[in-house]
Amino acid sequence: MPERKFKYLSKEWTEEVGKRLKKDLTPEKMKHITSSMLTIYTNCPDKKTRALYYKLKDGVVESVSLVEGALPKAEFSITADYDMFAKISRAELKARSALMSGKMTLKGNLVKALTLSPTVDRLNEVIAKVPTEY
Amino acid sequence: MPEKKLKRDDPYFIDFPKRIKAIQKEMAKHGIDVYLGSRLRTLSWTVDAFMPWRSYIVIPPEGLPTAITFVIDAARVQDDSWLDQDHILGYGPMGGQDQVSLLSGLIKPHLKAGKGIIAMETGMGTYLPEGHLTLFEFVMLKAALPKATFKNAHDIIDRLSLIKDAGTINRFREASRIVDIGHKAVYEAICDGGYKNMTETEIAGLAAYAMRKAGSEWEWSFTGGNEIASGYRTGLAAGACTPASRKKLKTGEPLMVDLHAMFRLGLGDHSHNYFLGKATKRQLWHAKNFIDLIHKCLKAYKPGVSPTTLADEMLAFTEERGFQDYMVPGFEHGIGLMGDEWRIGLNDGPFEYWTNPDHVYKKDEMLICAVQYACPEENVGFRYENPILITAKGCEFLSKFPLSIDVV
């Protein structure tokens, strides 16, 4: 039976991401961090802007939610084109390279962001394993 | 709590929130919506951390300021500063994290529909690390904030930082105490022929070692750290800047030892002079001229005196004694927390960004009493530098190393 694929940034895909993050990432792996992060996808195929909002408490991914319209406040926000995020999710591009090229922007304390980047990489590794249809 | 965060009863305590409020009061008076500081002196005076990389501070109309520095040093600056980690940010070559994005992001919330007055710090200086806003930075910020008006307003901080508070004065006293330890180490190393086979750089290094052992953070001077000169280098025409060279010390030559120590951004700066092994009658005549002049100069510094009135008095004495040809005709340079060097007082003199010769000293101002004697034709020269505090009736010279020109 072919593997079920989730449509990128759909409600189902977001639920699957949340489920896997909770299951695969232990508080130890996530260094017990408490933070919030928005990844803002501009120029989605339907021309809309969407965002994923991640809430972590003491290393536990409490929630992952899809946001359209008004964005909640987050400690960090990362903004890029849908295509750019898709390339990162397909492991065709490193997030670091996207940031260094200026095609992806980060808002938030850079010192903290650099400290947390290995932890965020772990999060991305889990997301990359979700069977996705772009 | 990091060792550098001080309690109110500590002799080196400085009330930084009070300083920020004083700046904000002046901003309101001048209709300034947000202050963008970039000079090293401004950063030291507001952040209380040594910020050697290109850095900025954004001061809002009320509340805490935010300082920005190169990301590789941001955590260390935060560790040293009174500001918390949300108010010390790092910049780097990443989308949204470059200097202009971060600065415009911090400034924008204080403008109304993008309009308002942004104070900046620009000008001209003899001091290379001054840190005025560069033309490129200005052009980029203007493009990011097109409706805002930029106004040069460094005089706000220059005026507020002119009179020194107790914590600042005590930091300078301690830096001078450390410099005196450096001088003692040099004296002990060179006396009784110990100078033989030594070089100027070696003198600079052994003084640095002694001062570091005593707690100095840095031989802070941008003029090469500890400035050591011997022989003809002491008498370079109109010279007052001698980074140590590899020149070997020689018997019969003068030696100029100008040491710099830093303690919590307070700066020690004292020069002492020697003759190595022996001195001729003529050399001793030069030495007596110099020492007598320094005694006179230190007696003259008091409230109400200006660089011009002091120079007139000192130069009259040099003429009377017949050594006017050997004097560099200036007797001071400015000083404040790290980065505040060179110009005395405010930028209000006949030549922009130079000391106003008619600046009138007031109680609790600090300056470096700086005197340079140079006789190039005889390869002899001396330097005196000492941080002095203008007191109610005179001055306190902070380095206490005995004033003399020793034959060692």
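Start by selecting Lys55(A), which sits in strand β3 (residues 50-57) of chain A; helices (H or I, at least four residues) and strands (E, at least two) are DSSP runs, numbered from the N terminus. Before you go further: this is a predicted model, where local features need pLDDT of at least 70, side-chain atom pairs count only at pLDDT 80 or more, and totals for chains, interfaces and linings use all residues. Residues are numbered from 1 along each chain as its sequence is written, while chains are lettered from A and ligands numbered from 1 in the order in which they are written.

Contact here means C-beta atoms, placed from the backbone, within 7 Å. Pick Leu38(A) too: its C-alpha atom is 9.0 Å from that of Lys55(A), and the two are 17 residues apart along the chain.

Next, the place where the chains meet. Here 12 residues of chain A are in contact with 14 residues of chain B. To see the chain A side, select α3 (95-101), β6 (105-107) and α4 (110-128), each of which supplies at least two residues. (Ala, Val, Leu, Ile, Met, Phe, Trp, Tyr, Cys and Pro count as nonpolar, Asp, Glu, Lys and Arg as charged, and the others, Gly among them, as polar.)

Over to chain B. Colour domain 1 (16-160) and domain 2 (166-407) separately; the bounds come from an automatic or database domain assignment. Their centres, taken over C-alpha atoms, are 33 Å apart. Between them, 19 residues of domain 1 of chain B are in contact with 13 residues of domain 2 of chain B. On the domain 1 side, α2 (40-47) and α6 (155-160) of chain B each bring at least two residues, and the largest share, five residues, is from α2(B).

Stay on α2(B). Eight of its eight residues are buried, so α2(B) is largely enclosed by the rest of the structure. Show what covers those buried residues, including α1 (16-29), β1 (34-37), β2 (56-59), β3 (66-70) and α6 of chain B. Then step to Asp48(B), which follows α2(B) and has a positive phi, near 65°.

Now for a helix pair. Which residues of α4(B) meet α5(B)? Select Val100(B), Leu103(B) and Ser104(B) in α4(B), which meet Met140(B), Leu141(B) and Ala144(B) in α5(B). By type, this contact has five nonpolar residues, one polar and no charged.

Last stop: the loop between β11 (341-342) and β12 (366-375) of chain B, where you'll find Tyr353(B). Phi of Tyr353(B) is near 65°, a positive value in a residue other than glycine. Tyr353(B) is partly exposed, with 15 other C-beta atoms within 10 Å. Asp364(B) is also placed in the loop between β11 and β12 of chain B. Its phi is positive at about 75°, although Asp364(B) is not a glycine.

Conventions. Two residues are in contact if their C-beta atoms, placed from the backbone, lie within 7 Å. A residue is buried if 20 or more other C-beta atoms lie within 10 Å of its own, exposed if 12 or fewer, and partly exposed in between; C-beta atoms are placed from the backbone.
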